[in-house]
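Work through the exercises below with the model open. Try each task before reading its solution.

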Amino acid sequence: MEFSFSNTYDSELAELEKLGKTERISVLAEMGDDRLWALFRLGSEEALIVLFKKYHRQTIILVYKRMNGSGSVNLQMVEDVFGAFVERVLDGHYHQQELKKNFLAFSIHQVCFLLRSQLKLAANSRVGGLDEKHVLQKKAANHLRVVEAMDFQKIIDLIPLVSNKVYRKVLCLIFLLGYNSKDLAEVFGQREKAYDKRSRAMLAFRKILEKEGILKELR
């Protein structure tokens, strides 16, 4: 089927929604970054998924090469901060921003900024008597444990499909930042609330895995 674009992104989004999922993803995959970003800002999570699938590995590798000059940055730290970037995107933090070049350049810029901020904290702050660098290394170790157990690509691609905003945040914390139940309790302030949010988020995520037909593959 030939897809004809209209003059406005709103109309394009309406036309896209008339297509089946497979055909819609195929059409989105042919679009440029500006158009995909605009459609995401209008509510198309699939447009964001296409962008992440296209660029997230490149972003991690290029940020690592750029930031590893001093030897103080490892690949797991970059992946960890990339997870924070994903969470900020899902949270609408960049919703008003236009892409100046393309999504790869945008994501590299933002991840580098977040990583530099964390490294600055590592140099200047103390948390419970421990240098912040050690805290970052602990989180990186947690993240490595998660990456070894599950496919990082699939986690990135599937989290945006969860409709509940809070559940998406919880899943980012668990799968991208390596948070355990104790860490979540600190985030939510109450252990009971943390367990409830984690349970509901994982249930929603399981439904996504089943719907996408990859639950057995991830086991």
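**Exercise 1: a helix pair**

The axes of helix α3 (residues 33-41) and helix α4 (residues 45-67) come within 8 Å and cross at roughly 140°. This is a predicted model: local features need pLDDT of at least 70, side-chain atom pairs count only at pLDDT 80 or more, and totals for chains, interfaces and linings use all residues. Residues are numbered from 1 along each chain as its sequence is written, and side-chain values use heavy atoms, with hydrogens and water left out.

Task: classify the crossing of α3 and α4, then describe their contact.

Solution. 
- Step 1. Take the classes: under 35 degrees is roughly parallel, over 145 roughly antiparallel, 65 to 115 roughly perpendicular, and the rest oblique.
- Step 2. Apply them to the roughly 140° crossing. α3 is therefore oblique to α4.
- Step 3. List the contacts (heavy atoms within 4.5 Å). From α3 come Asp 33, Leu 36, Trp 37, Leu 39 and Phe 40; from α4 come Ala 47, Leu 48, Val 50, Leu 51, Lys 54 and Tyr 55.
- Step 4. Sort these residues by type. Nine are nonpolar, none is polar and two are charged.

**Exercise 2: a covered helix**

Task: compare the span of α5 with the expected value, and find how many of its residues are buried.

Solution. 
- Step 1. Helix α5 (residues 75-90) has 16 residues. The expected span is 1.5 Å times one less than the number of residues.
- Step 2. From first C-alpha to last, α5 reaches 23 Å, close to the expected 22 Å.
- Step 3. Buried means under 20% relative accessible area. Twelve of the 16 residues in α5 pass, so the helix is mostly covered.
- Step 4. Among them are Met 77, Glu 79, Asp 80, Phe 82 and Phe 85.
- Step 5. Look just after α5: Gly 92 takes a positive phi of about 85°.

**Exercise 3: aromatic pairs**

Task: which parts of the chain does the pair of Trp 37 and Phe 106 link?

Solution. 
- Step 1. Rings of Phe, Tyr and Trp (its six-membered ring) pair if their centres lie within 6.5 Å; planes under 30 degrees apart are stacked, over 60 edge-to-face, and the rest tilted. The structure holds twelve such pairs.
- Step 2. Trp 37 and Phe 106 are tilted, at 5.4 Å centre to centre and 55° between planes.
- Step 3. Trp 37 lies in α3 and Phe 106 in helix α6 (residues 103-124), 69 residues apart. Both are buried.
- Step 4. Phe 85 is in α5 and Phe 103 in α6, 18 residues apart.
- Step 5. Check burial. Phe 85 has a relative accessible area of 0%, and Phe 103 has 1%.

Note on methods
Axes fitted to C-alpha atoms, helices over the stretch in contact; angles between N-to-C directions. Helix = DSSP H or I, 4+ residues; strand = E, 2+ residues; numbered from the N terminus. Nonpolar A, V, L, I, M, F, W, Y, C, P; charged D, E, K, R; others polar. Buried < 20%, exposed > 50% of the residue type's maximum accessible area, 1.4 Å probe, protein only.
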